[in-house]
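The exercises below are to be worked through with the sequence and the coordinates open side by side. Each task is followed by a solution that goes step by step.

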Amino acid sequence: LMRRLLNQFIVAAFIAIIAAPPLANALGHDGADQEAENRALATFPALSLHWGDVRAFLPGLDAWFADHFAFRSTLVKWYGITRYLWMGVSSSPSVGVGSRGWLFFVDDGGIEDFTNASLLTEDALQNWRTTIVRAQRWCRARGIAYAFTILPDKGSIYPEFFPRTARRVTRLSRADQIFTAVSDTGAAIDVRQALMDEKRKVRVFQKTDTHWNSRGAYIGYKTIIEALRLQVPAIPPAKPESEFTARTRHIRGMDLAGMMGLTRVLGEEDLRFEENQKRQYVVVEPKGNIVEAGEARIVTEIPGSTLPRAVVFRDSFTSAMAPYFSEHFSRVVYIWRNDFAWQEVEREHPDVVLQEIVARHVQWFIPSPELIPDP
């Protein structure tokens, strides 16, 4: 009798657990927490008599329910907590748990960028050089200064905290190969040594985010501006540290913590580096936005300024650097792309073009020199 009652209890408990989320959803409880997971969650699919909507409804409903079933955010959080705090591992395959509270992005070429397991072939390296040289020649023929930079991932600046399950095959990286291949052009700007020097004084990357903090972004900006001034002396010198105030505030966990569902569990000290005076530039496109935003195209201007103009091809690593950078140009057009787009440059008639790519993207990005017209 006891075994029978136990079996009935187990079946009833199983049914209750399975039925609880859809029942709670029907009563209006939404288990989604977009802020905690730091990603866009699925929306409820369109319901109409259009055949395309009909075909997509059930897959869309499945995706919506997977993101919104009741108690989801609580379950995600506790799964992340048990994996991270009890076992010392990440609940997300995109995040590596390092030492002393450091998290690292190991997706999107991140782990390959750290290990240097696959270097560029001679053909691939020549393709990079041809692209950079061709972009430089195209710009030079129009009186435009051109510069190229590879911004480092966190693992190359803080290898001592990287997950110990990863081992470097060689100290030589793809970034090293490219910088060496174009060293004679005068176009390459390498910020890595400046960051290594600064990290001896202060932390230059976020612990729970993929990106550098504002102190690291300041060092990157300062190095790039001083290099650009060698080509365009009309660009004002980088602002000295005396014009900024260092502030520290405790914040919630950032993007890597969010990938583990631990935005509200993990936190860190955010090392801010803020200008003492009001910034001159304004964002004119999209109007009312901020220059740090992740828009495909952002334009800043300094009203009434006669300073040089710039076009920047970039990814997310430029976002924290852009507030410093925009103070040195009458107009800056930030375009989210890795390849050189001559049409955008021709449309803007800038004095300077900066092409930036984060190091981990070198693992999969193949530049296209054939897209740049021969000057």
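**Exercise 1.** In this predicted model, determine which residues make the nonpolar surface patch of about 330 Å², and state where L6 is placed.

Solution. The patch is made by L6, F9 and I10. L6 has its place in helix 1, which covers residues 2–26. With a relative accessible area of 48%, L6 counts as partly exposed, because that class lies between the limits of 20% and 50%.

**Exercise 2.** Find which members of the largest nonpolar core touch the most other members, and trace the contacts of F325.

Solution. Of the 51 residues in this core, L228, F325 and F329 touch the most other members. Among the elements that give two or more residues to the core are helix 10 (214–229), strand 9 (309–314) and strand 10 (331–336), and the largest share, seven residues, comes from helix 10. Apart from its neighbours within four places in sequence, F325 is in contact with Y221, I224, I225, L228, A310, V312, V332, Y334 and L354. A second, separate core of 31 residues includes W128, W138, F179 and V182.

Methods
Residues are numbered from 1 along each chain as its sequence is written. This is a predicted model: local features need pLDDT of at least 70, side-chain atom pairs count only at pLDDT 80 or more; totals for chains, interfaces and linings use all residues. Side-chain values use heavy atoms; hydrogens and water are left out. A nonpolar core is a set of buried Ala, Val, Leu, Ile, Met, Phe, Trp, Tyr and Cys residues joined through side-chain atoms within 4.5 Å. Buried means under 20% relative accessible area, exposed over 50%, partly exposed in between (1.4 Å probe, protein chains only). Helices (H or I, at least four residues) and strands (E, at least two) are DSSP runs, numbered from the N terminus. Contact means heavy atoms within 4.5 Å. Patches are made of residues with over 30% relative accessible area and no salt bridge: like charges are joined within 9 Å, nonpolar side chains (Val, Leu, Ile, Met, Phe, Trp, Tyr) within 5 Å. Accessible areas come from the Shrake-Rupley method with a 1.4 Å probe; for residues, only the protein chains shown count as cover. A salt bridge is a side-chain nitrogen of Lys or Arg within 4 Å of a carboxyl oxygen of Asp or Glu.
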